[in-house]
Amino acid sequence: MIQQTREKFIKIFGKEPLIVVSPGRINLIGEHTDYNDGFVLPAAIDKKIVYAIALNNTRQCHAHAVAADETLSFSLDEVKPSPGWINYLLGVVNQLQEGGHTVTGFDCVLAGDIPIGAGMSSSAAVEGGLVAALDHIFQYGLTRMEMALLGQRAEHTFPGVKCGIMDQFANLHGKKDQVMLLDCRSLEFEYFPFNFPDYKIVLCNSMVNHSLASSEYNVRRQQCEEGVKAIQVNHPAVKSLRDADMNMLNEVRDQVAEKVYDRCAYVISEIRRVQDATIFLKQGDIRQFGQLMYATHEGLSKLYEVSCAELDFLVSLAKEREEVAGARVMGGGFGGCTINLVKQDKVAAYTSYIESAYKAQYGQLPEIYVTTIENGVEII
Ligand code: GLA
């Protein structure tokens, strides 16, 4: 893909580009915890966006997206939100300009194999790839964490999704065969190996595109904030759901809407669950870890309500299978993929089982990806 992207760039723009590879991500556990100051356990994967990019000595930027087979342009003197994929690039450029960083005109080609709307964070890959490319070209000297925070602000301001830091963090900090435990409050993180040679990480794409995701996502975030406000009346030291426990939440049960209670109950338990899950993972106990993934799915489906019938069905199929240690919906939800930890020698059998059961139920084949854990954004 790198070679093809480079050739496409040379064909369109007639010069040699810089190449940047920007991966998608998985998250083993810790969903909707990042914007509640909790913990997440993500990793960068082998699905990626490739950028070919070079300066053009003008005030114009031209970007060609291979998937859309479309070239779009904008002026650096008029960077404002615009519909479609270009908005992610505009958001990044806007944030760089806001931060006082020089940006001059550039040409780029983006290609990739991260399925869009599948919960693998293609948007963070587009943002992280561009910010790292421009940092390299203009030598801003940004740290990877600064780049991640910039990408997150770009997502908040242009596409308007009030996301947490997980996706941009994972995209920029990934390390081959390592998962990352990130404390989303302090932004401290540690790497540790995903040391299960007998298991594969298998993503099953429900093919339901999560179109609800951005508006409902922001609603979930507001509901969590509402819960925090109610708890703060009795416990002013509570700054986010990270600081809260079920006793505190139960004290305000009658004062908050039932949905707000449910959302907060899920988040409080999920934040604890990530910490327990990390211990199991470090001990090499993938079965116990997997049980917690199922518990997360249950919470995301019943309390947080970010699953859908298709995803619930995929998880129920996983539960029937001895070769699966655990499974759950991954990422923001409302569609996209489940993440499954599957015994390596049974991956083929599992894949065909899922395909035929899903096809029988929904008349459509789910796409299935056997992923590997890879490095974060790389300048080639
Ligand atoms: C999306 C957001 C992340 C995170 C997940 C849910 O991927 O971009 O910040 O909140 O949803 O865990």
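The lining of the second largest pocket divides into 7 nonpolar, 4 polar and 3 charged residues; here Ala, Val, Leu, Ile, Met, Phe, Trp, Tyr, Cys and Pro count as nonpolar, Asp, Glu, Lys and Arg as charged, and the others, Gly among them, as polar. The structure is a predicted model, in which local features need pLDDT of at least 70 and side-chain atom pairs count only at pLDDT 80 or more, while totals for chains, interfaces and linings use all residues. Residues are numbered from 1 along each chain as its sequence is written, and side-chain values use heavy atoms, with hydrogens and water left out.

A pocket is defined on a 1 Å grid over the protein atoms alone, as an open set of points where a 1.4 Å probe fits, with protein on both sides within 12 Å along at least five of seven lines; lining residues have an atom within 4 Å of a point. A volume is the space filled by probe spheres set on the points, which are joined across faces, edges and corners.

| Pocket | Volume | Lining by class |
|---|---|---|
| Largest | About 960 Å³ | 22 nonpolar, 15 polar, 6 charged residues |

Of the 14 residues lining the second largest pocket, Asp-177, Phe-194, Phe-196, Tyr-199 and Lys-200 are the closest to its centre. Strand β9 gives the most to this lining of the second largest pocket, with 3 residues; strands (E, at least two residues) and helices (H or I, at least four) are DSSP runs, numbered from the N terminus.

The largest pocket is lined by 43 residues, of which Tyr-88, Gly-117, Ser-122, Ser-123 and His-210 are the closest to its centre. At least two residues of its lining come from each of β6 (106–112), α3 (122–138), α5 (166–173) and α6 (213–234). The largest pocket lies between domain 1 (2–193) and domain 2 (199–371), because both give residues to its lining; the domain bounds come from an automatic or database domain assignment.

Strand β9 also belongs to an open sheet of 4 strands, ordered β10-β11-β9-β12 with antiparallel pairing; two strands pair if DSSP finds at least two bridges between them. The edge strands, β10 (324–329) and β12 (367–371), each pair on one side only. Strands β9 (residues 199–205) and β11 (residues 337–343) are joined in the antiparallel sense over 7 bridges, and Ile-201 stands opposite Leu-341 in β11. Helix α10 (residues 309–319) packs on the sheet, touching β9, β10 and β11, where contact means heavy atoms within 4.5 Å.

Key: Axes fitted to C-alpha atoms, helices over the stretch in contact; angles between N-to-C directions.
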